[in-house]
Amino acid sequence: MKDFELIEKIGNKKEHFLFQGDNLEVMEKLKDEYKNLIDLIYIDPPYNTGKKMGKYNDNYINHEQWINFMELRLELAYKFLSPCGIVFISIGEEEEAYLKILCDKIFKEENKVSSIIWQSKYTVSNDKLGISTQTEYILVYAKNIKNIKINYDPLREEYVKSVYKNVDDDPRGAWRLGVQLYKKKNKRSYKVTSPTGKEWIMPWNYSEESWHNNLEKNNLIYWGKDGNACPVKKVFLKDTKGIAIKNLWTGEEVGYSADGGDLLENMFGDRNVFLYPKPVSLMKRIVQIASQSNSLIMDFFAGSATLGQAILEYNRDVKDSNRSFILITNNENNICNNVSFPRLKKVISGYTGKKDKVEFIPANGSLYYYQIKK
């Protein structure tokens, strides 16, 4: 950290880092040390709404100026990502299309993972002309889509109990019926014989060699209770990833934009210390599905440090989670000194809500707060 001076630290273990300064300058100074090491990047860049957001202007002269601003930072982000790295970028409708084109250029179009639609508002703006907007976007790109690790949601317990059985006492445990092993449009047909001797000639989904050397050999076929029904492949619970992640996220599931402000009001007694922070629950969702237990996670538009709080609490509440973060934010209007660092300090040490008077359990952890050497 030769280019930085330590402002303050909590604890002695170098787990988490907060850097104060222009994100482009800080990233340039960190790129050699952290090249190819970041598993997950989340950023909430300016949306270019053309409005003044409290103390902050969110107004670029045109799309080209915004694109130039973002391109330099995303090119560096690509270098930080590990081989299995993935980036989540929040954005509004003003720049969503331009951001996609920019990400297609930097990360390559084939590495686009998803375009998530997040229901950020639960209210409708009746004063808006046309159609009221209640959603935002989160664009997701990989450094190499073949290498990403997405954590599926666990299967619902009631679903497992009702669907997965073991009627043949298979030593591999519970299983369910998969899809039929044939499709009418398939051209290849050959004869297979059930355990009772019944013959079936169908357009099978598997080659004859694979049928015998894989399905039959590994006991992956179920012929029905009497042993002569049309065969179906067995799908074992132990081999099931879980429920795939969908790209429509409702506010009820992951939080609304207003929840972020409510939390800051409870922590600081004033929701206007930082306008429009993302909800911690949204950040936890991203951390849950797109990182592993020892992942290093970065946010170079850290703002009020919502992602940092999410990771600290996630480590506290989830067994064997040792995720660490690098947050970068400028100190415009003293945001880093007055909000970002104090917020993380409260989460680590524990705090009592100013509004609800509830005591929040300390998340523990160590934090090093740096600024660029003057």
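This is a predicted model: local features need pLDDT of at least 70, side-chain atom pairs count only at pLDDT 80 or more; totals for chains, interfaces and linings use all residues.
Residues are numbered from 1 along each chain as its sequence is written, and side-chain values use heavy atoms, with hydrogens and water left out. The protein has ten helices and 19 strands; helices (H or I, at least four residues) and strands (E, at least two) are DSSP runs, numbered from the N terminus.

**The whole protein**

- Taken along the principal axes, the C-alpha atoms fill a box of roughly 85 × 50 × 45 Å.
- Of the 374 residues, 44% count as buried, where buried means under 20% relative accessible area, exposed over 50%, and partly exposed in between (1.4 Å probe, protein chains only).
- Among contacts (heavy atoms within 4.5 Å) between residues at least 6 apart in sequence, 73% join residues at least 24 apart.
- The protein exposes about 19500 Å², and carbon and sulfur atoms supply 49% of that area; accessible areas come from the Shrake-Rupley method with a 1.4 Å probe, and for residues only the protein chains shown count as cover.
- The mean positions of the 55 positive and 49 negative charges are 4 Å apart. Here Lys and Arg count as positive and Asp and Glu as negative, while His and the chain ends are not counted; the place of a charge is taken as NZ of Lys, CZ of Arg, CG of Asp or CD of Glu.

- Helix α9 covers residues 306–317, and its twelve residues reach 16 Å from the first C-alpha to the last, close to the 16 Å expected at 1.5 Å a residue. The expected span is 1.5 Å times one less than the number of residues.
- Ten of the twelve residues of α9 are buried, so this helix is largely enclosed by the rest of the structure. Among them are T306, L307, G308, Y314 and N315.
- Helix α8 (residues 280–290) is also largely enclosed by the rest of the structure, because eight of its eleven residues are buried.

- Strand β19 (residues 367–372) is mostly covered, with six of its six residues buried.
- In a regular strand the side chains alternate between the two faces of the sheet. Both faces of β19 are covered, with L367, Y369 and Q371 on one side and Y368, Y370 and I372 on the other.
- Strand β1 (residues 4–10) pairs with β19 in the antiparallel sense over six bridges, and I10 stands opposite L367. Two strands pair if DSSP finds at least two bridges between them.
- Strand β2 (residues 16–20) pairs with β19 in the parallel sense over five bridges, and H16 has L367 as its bridge partner.

- S366 lies in the loop between β18 (359–360) and β19, and is buried, with a relative accessible area of 6%.
- Leaving aside neighbours within four places in sequence, S366 is in contact with I10, G11, N12, K13, E15 and H16.

**A three-strand open sheet**

- Three strands form an open, antiparallel sheet in the order β9-β13-β12. β9 (175–180) and β12 (221–222) stand at the edges with a single partner strand each, so one side of each is left without a neighbour in the sheet.
- β12 and β13 (residues 232–236) pair in the antiparallel sense over two bridges, with Y222 opposite V232.
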